[in-house]
Amino acid sequence: MSIKLIATDLDGTLMSGDHLTVSPRTVAALQAAHDRGVCLAIATGRTLDFIDHVTAQVPFVDYVIYSNGAAVYDRKNDAHICQQLIPPKAVQCILQTLAPRPLYYNVYWDGGMYLEEARLPYYSSKNLPQAFLEQHRVENLLDKADKGAESIAVYDLNPEQTDWVRSVLEGQGLEVVSSLPNELECTAPGANKGAALAGIARQLEIEPEQVMSFGDAGNDCPMLAFAHYSFAMENGAPECKAAARYRAEANTADGVAKAIEQYVLAD
């Protein structure tokens with residue numbers, strides 16, 4: 001069966017090492033696949049309002065799975081076709097529990113990322129571009145916690161903090177994954193990239209055997225498990241490689257483009 005749907009993670013997968021650009025070869029491969037009738041989806045842990053610089057480079061992308069599968073946006077029809085939110089009470093409980101600790105965290109609401117200015121000194125990693133930290137800054141996240149959230153993410157964790165934060169998030173019955181080193185993020189039960197991709201495939205009447213997916217981190221595993229043509233990047237995490245059927249070269253070596261050229265365009 002021919003490939004009819006391609007879904008790719010962004011950071012560490014589609015994007016170059018700067019987290020900002022898509023290589024010309026990758027753009028060309030995606031465009032060629034799209035011209036052949038293949039539907040394209042971005043699947044990211046980012047919020048919807050932090051991918052404009054990506055879609056400007058690949059404007060023909062059909063769907064955006066964002067906030068780790070909490071929501072799906074249909075770009076052609078300008079419509080949100082799926083949304084699963086963390087309940088407000090769970091959001092409030094988590095924020096109240098995290099607040100006394102020296103941690104950097106943010107919350108995704110309505111397609112945007114919100115953070116407390118006072119939390120910025122707790123973030124010292126170089127994993128995220130500065131622009132990522134310059135989004136919606138508020139004095140107190142609890143002031144906005146009267147509505148459901150797409151995701152909550154906690155960064156720069158040492159091993160002891162990681163275990164404690166995981167217990168806090170899992171204690172609310174949430175999906176907990178990691179997309180960056182020393183980081184944890186959560187979504188509502190059942191909300192992940194794999195479930196979102198499966199929903200798109202059902203809507204398009206496409207079988208898993210006709211789906212291609214790419215990823216490099218733990219939050220990509222459900223998406224890799226769903227697609228028959230699943231590719232873990234050479235720079236990917238061990239659990240990601242275990243979940244995928246195939247291996248792609250590193251994101252810095254045009255791994256996504258090379259796999260598409262071989263499996264979609266070669267015929």
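Reader: Which residues in helix 2 meet residues in helix 9?

Author: The model discussed here is a predicted one. On the side of helix 9, the residues are Val256, Ala257, Lys258, Ile260, Glu261, Val264 and Leu265. Their partners in helix 2 are Arg25, Thr26, Ala29, Leu30, Ala32 and Ala33.

Reader: How many residues of the contact of helix 2 with helix 9 are nonpolar?

Author: The residues of this contact include 3 charged and 1 polar. The number that are nonpolar is 9.

Reader: Is helix 2 roughly parallel or roughly antiparallel to helix 9?

Author: Two packed helices are described by the angle between their axes and the distance between the axes. The axes of helix 2, residues 24-35, and helix 9, residues 255-265, come within 8 Å and cross at roughly 30°. Angles under 35 degrees count as roughly parallel. Therefore helix 2, relative to helix 9, is roughly parallel.

Reader: What is the handedness of the crossing of helix 2 and helix 9?

Author: The angle of this crossing is roughly 30°. As for its hand, the crossing of helix 2 and helix 9 is left-handed.

Reader: Which residues of helix 4 make the contact with helix 5?

Author: Helix 4 passes helix 5 in a right-handed crossing. Helix 5 contributes Trp164, Val165, Val168 and Leu169 to the contact. The residues of this contact divide into 6 nonpolar, 1 polar and no charged. From helix 4 come Ile94, Thr97 and Leu98.

Reader: Is Thr162 buried or exposed?

Author: Thr162 is found in helix 5, residues 159-170. Not counting residues up to four places away in sequence, Thr162 touches Leu157 and Leu184. The limit for a buried residue is a relative accessible area under 20%. Because the relative accessibility of Thr162 is 19%, this residue counts as buried.

Reader: What separates the C-alpha atoms of Pro87 and Lys147?

Author: Pro87 is placed in the loop between strand 5 and helix 4. Its relative accessible area is 42%, so Pro87 is partly exposed. Along the chain, Pro87 and Lys147 are 60 residues apart, and the separation of their C-alpha atoms is 7.2 Å.

Reader: How far apart in space are Lys144 and Tyr63, C-alpha to C-alpha?

Author: Lys144 has its place in the loop between strand 8, residues 136-138, and strand 9, residues 151-155. With a relative accessible area of 21%, Lys144 is partly exposed. Leaving aside neighbours within four places in sequence, Lys144 is in contact with Trp109, Tyr114 and Val138. Lys144 and Tyr63 are 81 residues apart in sequence, and their distance in space, C-alpha to C-alpha, is 28 Å.

Reader: What radius of gyration does the protein have?

Author: The protein contains 9 helices and 14 strands, and its C-alpha atoms fill a box of roughly 60 × 35 × 30 Å along the principal axes. For 267 residues, a compact globule would have a radius of gyration near 18 Å. The value for the protein agrees with this, at 18 Å.

Reader: What percentage of the residues in the protein is buried?

Author: Among contacts between residues at least 6 apart in sequence, 58% join residues at least 24 apart. Of the 267 residues in the protein, the buried ones make up 55%.

Technical notes
Residues are numbered from 1 along each chain as its sequence is written. This is a predicted model: local features need pLDDT of at least 70, side-chain atom pairs count only at pLDDT 80 or more; totals for chains, interfaces and linings use all residues. Side-chain values use heavy atoms; hydrogens and water are left out. Axes are lines fitted to C-alpha atoms, for helices over the stretch in contact, and angles run from 0 to 180 degrees between N-to-C directions. Helices (H or I, at least four residues) and strands (E, at least two) are DSSP runs, numbered from the N terminus. Angles under 35 degrees count as roughly parallel, over 145 as roughly antiparallel, 65 to 115 as roughly perpendicular and the rest as oblique. A crossing is left-handed if the near helix is turned anticlockwise from the far one by less than a right angle, and right-handed if clockwise. Contact means heavy atoms within 4.5 Å. Ala, Val, Leu, Ile, Met, Phe, Trp, Tyr, Cys and Pro count as nonpolar, Asp, Glu, Lys and Arg as charged, and the others, Gly among them, as polar. The radius of gyration is taken over C-alpha atoms; the globule rule is 2.2 Å times the number of residues to the power 0.38. Buried means under 20% relative accessible area, exposed over 50%, partly exposed in between (1.4 Å probe, protein chains only).
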